[in-house]
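Subject: Handing over the structure

Dear colleague,

Here is the structure that I promised to pass on to you, together with its sequence. Please open it beside this message, and then read on for what was found in it.

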Amino acid sequence: MKFNLTAQDPLSRARAGEIETDHGTIQTPIFMPVGTAGTVKAVHQRELKNDIEAQIILGNTYHLYLRPGLNTLEQAGGLHKFNGWDGPILTDSGGYQVYSLTEVRKIKEEGVTFRSHVDGSKHLFTPENVMDIQRIIGADIIMAFDECTPYPCDYNYAKRSIEMTHRWLKRCCDRFDITEPKYGYSQTLFPIVQGSVYKDLRVRSAEVIASFEREGNAIGGLSVGEPAEEMYAMTEIVCNILPQQKPRYLMGVGTPVNILENIALGIDMFDCVMPTRNARNGMLFTKNGIINIKNEKWKNDFSAIEADSDLFADTVYTKAYLRHLIHSGEMLGAQIATLHNLHFYLWLVKEARQKIIAGEFYEWKKVMVNRLGQRL
């Protein structure tokens with residue numbers, strides 16, 4: 001993997017770049033649609049590529065390990081062959097999913113034992129076998145196994161947690177470096193900065209993560225319930241330490257406003273379930289603000305979902321029709337809303353990139369932040 005910085009905004013830390021992988025080039029800043037179980041919910045791969053214009057999508061180690069399982073994925077030739085997506089893929093290590101299984105998991109130095117949410121069977125994730133699992137899944141970018149602390153989190157717990165995450169990272173790197181990719185293309189390992197909302201822990205973790213000198217770095221443990229201002233403060237601290245010449249990935253973030261604010265702090269890569277999950281509940285993100293399509297006010301609104309969009313679904317279908325579909329529980333409603341939200345998120349980061357290159361990002365962001373957060 002190679003990363004080339006192509007532009008820097010003069011009034012903020014925002015930057016534009018390109019990540020080269022064996023499955024294609026990714027223009028940053030970028031939003032990555034979440035395909036947890038091998039699918040971005042309600043969307044065909046052709047729509048992802050041609051209509052949403054996604055450049056990279058996510059898979060999840062925990063979910064893919066349980067279903068369809070490693071034997072199936074290996075026999076298929078990896079996740080790209082299995083799901084028919086020929087662009088870059090990133091896999092989350094499963095650390096966040098295991099963390100969220102608070103009732104059925106136990107964290108020790110060796111790793112994490114947990115019970116499957118599918119059938120209750122018992123499993124062990126260690127830094128080593130999570131590297132092996134991600135080799136079999138075959139993503140272009142794979143994540144180190146870490147512990148994602150909850151919010152709020154006791155300082156001493158957060159301190160012990162980052163120390164273990166750093167020891168686990170050493171084990172991840174050792175295993176990754178003595179194993180080979182399985183399917184004839186290269187893979188890249190990103191470590192993850194943790195430390196909850198404690199400045200000194202974030203500084204220490206960022207310094208340790210940077211010292212491993214991997215090709216890219218991630219920031220985890222934010223967007224887990226803390227106020228947005230805390231997220232921005234921690235991101236700024238970490239971006240001041242992580243190397244300029246490598247991509248920075250802020251995991252699990254977030255709203256359109258969160259994305260723009262974090263681009264301004266120097267983040268290059270984002271993912272979040274919000275555009276897909278909220279779409280299925282009737283929430284649309286638009287250039288002028290947020291629409292709850294379930295509301296009565298849209299019942300007889302026969303205007304296009306977003307008239308100036310270049311997405312077919314935005315101009316062919318009306319707000320009234322989409323409201324009807326969502327209210328009726330029709331699958332097409334979830335599909336249209338998901339297409340719209342993902343297309344909007346990809347439009348937003350593409351527009352941000354163009355503004356950075358033109359040197360106009362800072363003023364544009366101020367206008368957009370005010371507009372995107374309002375409820376219509």
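A residue counts as buried when its relative accessible area is under 20%, as exposed when that area is over 50%, and as partly exposed in between. Please keep in mind throughout that this is a predicted model.

With that cut-off in hand, you could begin with S196, which has a relative accessibility of 4% and therefore counts as buried. This residue is found in the loop between β12 and α8, and its phi is positive, at about 55°, although S196 is not a glycine. A42 also has a positive phi, near 75°, and is likewise a residue other than glycine. The place of A42 is in the loop between β4 (30-32) and α1 (45-52), and because its relative accessibility is 32%, A42 counts as partly exposed. These values are worth a look because most residues other than glycine have a negative phi, and most peptide bonds are trans.

The backbone also holds cis peptide bonds. One of them runs from R67 to P68, with omega near 10°, and P68 is found in the loop between α2 (61-66) and α3 (70-76). A cis peptide bond also joins V253 and G254, where omega is about -5°, and G254 lies in the loop between β14 and α10.

Next come the aromatic rings. A pair of such rings is described by the distance of the centres and the angle of the planes. The count for this model comes to 13 aromatic pairs. F114 counts as buried because its relative accessibility is 1%, and F125 counts as buried because its value is 0%. F125 also pairs with F145: the ring centres are 6.1 Å apart and the planes stand at 85°, so this pair is edge-to-face. Here too distant parts of the chain are linked, with F125 in strand β9 and F145 in the loop between β10 (141-143) and α7 (155-178), 20 residues apart. F145 has a relative accessible area of 1%, so it is buried. Ring pairs link Y62, Y65, F114, F125, F145 and W168 into a cluster.

Among the helices, you might look at α9 (residues 228-239), whose length can be checked by simple reasoning. At 1.5 Å a residue, its 12 residues should span 16 Å, and because the end C-alpha atoms are 16 Å apart, the model agrees with that expectation. Which residues of α9 are buried? They are M231, Y232, M234, T235, I237, V238 and C239. What covers these buried residues of α9 includes β12 (192-193), α8 (199-211), β13 (217-219), β14 (248-250) and α10 (256-264).

The largest pocket has a volume of about 790 Å³. It is lined by 40 residues, of which Y96, Q97, G252, D271 and V273 are the closest to its centre. The elements that give two or more residues to this lining are β5 (57-60), α5 (95-100) and α11 (274-280), and the largest share, five residues, comes from α11. By residue type, the lining of the largest pocket divides into 14 nonpolar, 20 polar and six charged residues.

The second largest pocket holds about 280 Å³ of space. Of the 18 residues that line this second pocket, E53, L346, W347, K350 and Q354 are the closest to its centre. Which helix gives the most to the lining of the second largest pocket? That is α14 (residues 331-358), with eight residues. The lining of the second largest pocket divides into seven nonpolar, five polar and six charged residues.

How values were computed
Residues are numbered from 1 along each chain as its sequence is written. This is a predicted model: local features need pLDDT of at least 70, side-chain atom pairs count only at pLDDT 80 or more; totals for chains, interfaces and linings use all residues. Side-chain values use heavy atoms; hydrogens and water are left out. On a 1 Å grid over the protein atoms alone, a cavity is a set of points where a 1.4 Å probe fits but cannot get out, and a pocket is an open set with protein on both sides within 12 Å along at least five of seven lines; lining residues have an atom within 4 Å of a point. Grid points are joined across faces, edges and corners, and a volume is the space filled by probe spheres set on the points. Helices (H or I, at least four residues) and strands (E, at least two) are DSSP runs, numbered from the N terminus. Ala, Val, Leu, Ile, Met, Phe, Trp, Tyr, Cys and Pro count as nonpolar, Asp, Glu, Lys and Arg as charged, and the others, Gly among them, as polar. The expected span of a helix is 1.5 Å times one less than its number of residues. Buried means under 20% relative accessible area, exposed over 50%, partly exposed in between (1.4 Å probe, protein chains only). Contact means heavy atoms within 4.5 Å. Rings of Phe, Tyr and Trp (its six-membered ring) pair if their centres lie within 6.5 Å; planes under 30 degrees apart count as stacked, over 60 as edge-to-face and the rest as tilted.
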